[in-house]
Protein chains: 2
Amino acid sequence: MQHEAAMEHAEALVQDEKWYEVRQLISEWPEPEIADLLFDLPPAHRAILFRLLPHDKATDVFSFLEPELQNHLLTDLTEEETRRLITNLAPDDRTHLLEDLPGEAVQKLLNLLPPEDLWKTRQLLGYPEESVGRLMTPDYVAVRRHWTVSEALKHIRAKGQKAETISTIYVVENRWQFVDAVSLESIVLAQLDTHIEDLLARDLVALSPLADREEAVRTITRYDVFSIPVVDSRNVLLGVVTADDVFDVAEEEATEDFQKGAAVNPLKSSYREASLWELFAKRFPWLLALIGVNLLSSTVIAVYEDLLQTAIALTFFMPLLLGTGGNTGSQAATLVVRALSTGDLELSDWMRAIGKEVMVGLVLAVCMGLATSLLGFWRGDWHLALAVALSMAGIVIWTNLMGTVLPFVLVRMKLDPAVASSPLITSVSDVTGLIIYFLIARAILLG
Amino acid sequence: MQHEAAMEHAEALVQDEKWYEVRQLISEWPEPEIADLLFDLPPAHRAILFRLLPHDKATDVFSFLEPELQNHLLTDLTEEETRRLITNLAPDDRTHLLEDLPGEAVQKLLNLLPPEDLWKTRQLLGYPEESVGRLMTPDYVAVRRHWTVSEALKHIRAKGQKAETISTIYVVENRWQFVDAVSLESIVLAQLDTHIEDLLARDLVALSPLADREEAVRTITRYDVFSIPVVDSRNVLLGVVTADDVFDVAEEEATEDFQKGAAVNPLKSSYREASLWELFAKRFPWLLALIGVNLLSSTVIAVYEDLLQTAIALTFFMPLLLGTGGNTGSQAATLVVRALSTGDLELSDWMRAIGKEVMVGLVLAVCMGLATSLLGFWRGDWHLALAVALSMAGIVIWTNLMGTVLPFVLVRMKLDPAVASSPLITSVSDVTGLIIYFLIARAILLG
């Protein structure tokens, strides 16, 4: 990557409006770094610098910008500049851009596109959000199975300039029915008179355009391929999804899961770009909702107020027991949620996972119970030690089971298991943990 | 993917030891699915079925197996079978396998390798664990800058059969100094008499073999490329890292971060494969350590026992205040940790991030404080309402700031920011939250 010094030098040149020097300086920079430079500039300078980029470079730089910045730039460009930019974007990058714009802006942009591109974009936009259909590109090269390698190469040379990727070549039947894919590598390495048919391995999986884009992530990770064909129900080849786009999706999905796992509704784009209002709005509803759950804990405490007043030492152990309960539940839930989202576990594995966690929970319960009993002896007599040790064991078993089961229940209800966030699990653990604690303590201390 | 019925059919055939039929049935299955079938079979049957696979297919299937299963299979194979298998594995897959085996097994396997492969493997193994050096493959094709496209194609046809990937061709100087990379696509699409030199864009980044493998993930995500060259300090091309391996790394790293984020030390491989003992051992130390932190909370309660006994209503609000504190801190920490690990935030952004979060924290504090004051009026008078509202506001501001700052501090100390897990943040929030609460409550109620 460019040295920070180079970046600062460029910013200083822009500051002084030395446009010619900036242009020279950044002419050999990779596109993502020019995008970074634009990000750091004040809006007025951005548009000027962007106009100074060579046309083909401008399109690439544009596709590396964050959606919000793309949006700002577009408002500064003339209609002609916008048309050129939008037309040159690869169809899937274009879909990505249009998804993030308000409806009227999309309509305006669609009107600027030449009819053929418009058709492609409309087709891609027709599929549900977060579907494979939105990710695919129709710009691939297809060959016939009965062609020879030399015929195929001729076709690839003719059509390849316009394609987004030719690293995988698709083989179709007469009615565009998908047969198999063959890598450009194997075509290049084969004898020129070999038939394409003889290069096929016939073991390639295809996706439906309606499948969730996470399916594309899982398929590409599982089969280690650079692109996946997308076919409709009659096996007609609609487009292909390339690994670089899937890679970005995988990262976005993991980030969304991290955020959900901390009870934050997923941010629209990056943290860096998020406005104060967005950060507030994605967090506040969960904090407020969880107050509702915490209020249940408070109610349990109010119900057992007499018990607490008789034995105030019980308050001492509350943070210990509730803290451990929440931590145990978070551990179990996070392990299961992540395993479910990478495909390591599936819904049908619920018995296996619960069986495993019941065993682990039992062992953890015994160890944590013993540790707590020592603290009980220290603060009181063996009655108290027994009460807190049994409570600890009960709470660990229960919260561990809850953390394991809840994600499966969510998947079964067709919800995202990531909703079983650490804060939610912790809050629910508190309520149930208090009940377990007070019931056991009352039975042993007052019974 | 294969229909579950097909999988069950195959398992039934194995059960009945109808080996010929099984072999027919799975002959066209993709390798990852054969690997899945092996996973589901009892050990004795696994080795038999594995031996029935065609040799080239066996190697691919092997590379898709989980490390533990690879290990089991190896012990069942003869020396000759092992030699063939290990030799046919791509160097980076082989490194991956050898990393997961005990030291003596590695030595035994290394002795089975032909000298040339041994050299490659040793070279890859010499780099630190989780480094780019371990991921790279030396099996690429390099061309000279002054060659024509037709010379290059001839060279690619000659050397390409043995290379792991030829989708990107590397251009080097006389002393193997790295110049640039050029895609096979652009070579195929160019005129045969074009010079390679004229196809270069000269904007490719390279990595050091000593860099952390997360660097490879970030580079490939950022630049949308299929492979990255690895060069030493004198710019000599050592090998290349391909996107499919980086993809697997990215998923593993995200899973590790999820686990750390829930105070679980990263599992060695998948959850599915993890033994009961491993699950216990990765969780127990954290639970025990956090008991230490929770004990501080208990101590704070013990110190303020008199206050609690005078105003037992204060206990009622404890779950509410501490719960919200933990949740707020987890939200902030998770947002910052994930942004740091994807490169969305960098260490130098700390001022920007803290500034943003101070603002968000203030707004959250006001809203949560107001909500809590209503509950205070309901349970008591305006004194109580004021005390709990101010405590809530103070706790939200503090935990939010702590969740934001701690990850940066960890990075600054060269530690993994993911250590700022939800359970750790929650436990520390409890201690500090109690102190804030009791100080404010005493000042207002008894002051």
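**View 1. Strand 2 meets strand 3 in chain B.** In this predicted model, Thr168(B) stands opposite Ser183(B) in strand 3 of chain B. Strand 2 of chain B covers residues 168–172. Strand 2 and strand 3 of chain B run antiparallel to each other and are joined by five bridges.

**View 2. The whole sheet of chain B.** Three strands form an open sheet in chain B, in the order 1-2-3. The pairing is mixed. Strand 1 (142–144) and strand 3 (178–183) of chain B lie at the edges, and each pairs on one side only. On average, neighbouring strands of this sheet are turned by 35 degrees against each other, direction ignored.

**View 3. The sheet of chain A.** Chain A holds an open sheet of three strands with the order 1-2-3 and mixed pairing. Which strands stand at the edges? They are strand 1 (142–144) and strand 3 (178–183) of chain A. Each has a single partner strand, so one side of each is left without a neighbour in the sheet. Strand 2 (residues 168–172) of chain A pairs with strand 3 of chain A in the antiparallel sense, over five bridges. Within this pairing, Ile169(A) has Val182(A) of strand 3 as its bridge partner.

**View 4. Helix 18 against helix 19 in chain A.** Helix 18 of chain A spans residues 313–342, and helix 19 of chain A spans residues 350–379. Their axes come within 12 Å. They cross at roughly 160 degrees. That angle is over 145 degrees, so helix 18 of chain A is roughly antiparallel to helix 19 of chain A. The crossing of these two helices is right-handed. From helix 18, the contact takes in Ala313(A), Phe316(A), Leu320(A), Thr324(A), Thr328(A), Ala332(A) and Val336(A). From helix 19, Ala353(A), Glu357(A), Leu364(A), Met368(A), Thr372(A) and Arg379(A) meet them. By class, this contact of helix 18 with helix 19 of chain A has eight nonpolar, three polar and two charged residues.

**View 5. Helix 19 against helix 20 in chain A.** Helix 20 of chain A is made of residues 382–412. The axes of helix 19 and helix 20 of chain A come within 7 Å. Their crossing angle is roughly 155 degrees. Helix 19 of chain A is therefore roughly antiparallel to helix 20 of chain A. Helix 19 passes helix 20 in a right-handed crossing. How do the residues of this contact divide by class, and how many are nonpolar? The contact of helix 19 with helix 20 of chain A has 25 nonpolar, seven polar and two charged residues.

**View 6. A helix crossing between the chains.** Helix 16 of chain A (residues 276–303) meets helix 19 of chain B (residues 350–379), with axes that come within 10 Å. The two axes cross at roughly 35 degrees. Helix 16 of chain A passes helix 19 of chain B in a right-handed crossing. Helix 16 of chain A brings Leu276(A), Leu279(A), Phe280(A), Arg283(A), Phe284(A), Leu287(A), Leu288(A) and Ile291(A) to the contact. Helix 19 of chain B brings Lys356(B), Met359(B), Val360(B), Val363(B), Leu364(B), Cys367(B), Met368(B) and Ala371(B). By class, the contact of helix 16 of chain A with helix 19 of chain B has 14 nonpolar, no polar and two charged residues.

**View 7. The interface of chain B with chain A.** How many residues of chain B are in contact with chain A? There are 92, and they touch 92 residues of chain A. Helix 18 of chain B (residues 313–342) gives the largest share of this side, 17 residues. The side of chain B that touches chain A has 50 nonpolar, 25 polar and 17 charged residues. Of the interface residues of chain B, 100% are also interface residues in chain A, so the copies meet through the same surface.

**View 8. How the two copies are related.** Two copies of a chain are related by a rotation about an axis and a shift along it.

Definitions and conventions
Residues are numbered from 1 along each chain as its sequence is written. Chains are lettered from A and ligands numbered from 1 in the order in which they are written. This is a predicted model: local features need pLDDT of at least 70, side-chain atom pairs count only at pLDDT 80 or more; totals for chains, interfaces and linings use all residues. Axes are lines fitted to C-alpha atoms, for helices over the stretch in contact, and angles run from 0 to 180 degrees between N-to-C directions. Helices (H or I, at least four residues) and strands (E, at least two) are DSSP runs, numbered from the N terminus. Angles under 35 degrees count as roughly parallel, over 145 as roughly antiparallel, 65 to 115 as roughly perpendicular and the rest as oblique. A crossing is left-handed if the near helix is turned anticlockwise from the far one by less than a right angle, and right-handed if clockwise. Two residues are in contact if their C-beta atoms, placed from the backbone, lie within 7 Å. Ala, Val, Leu, Ile, Met, Phe, Trp, Tyr, Cys and Pro count as nonpolar, Asp, Glu, Lys and Arg as charged, and the others, Gly among them, as polar. Two strands pair if DSSP finds at least two bridges between them.
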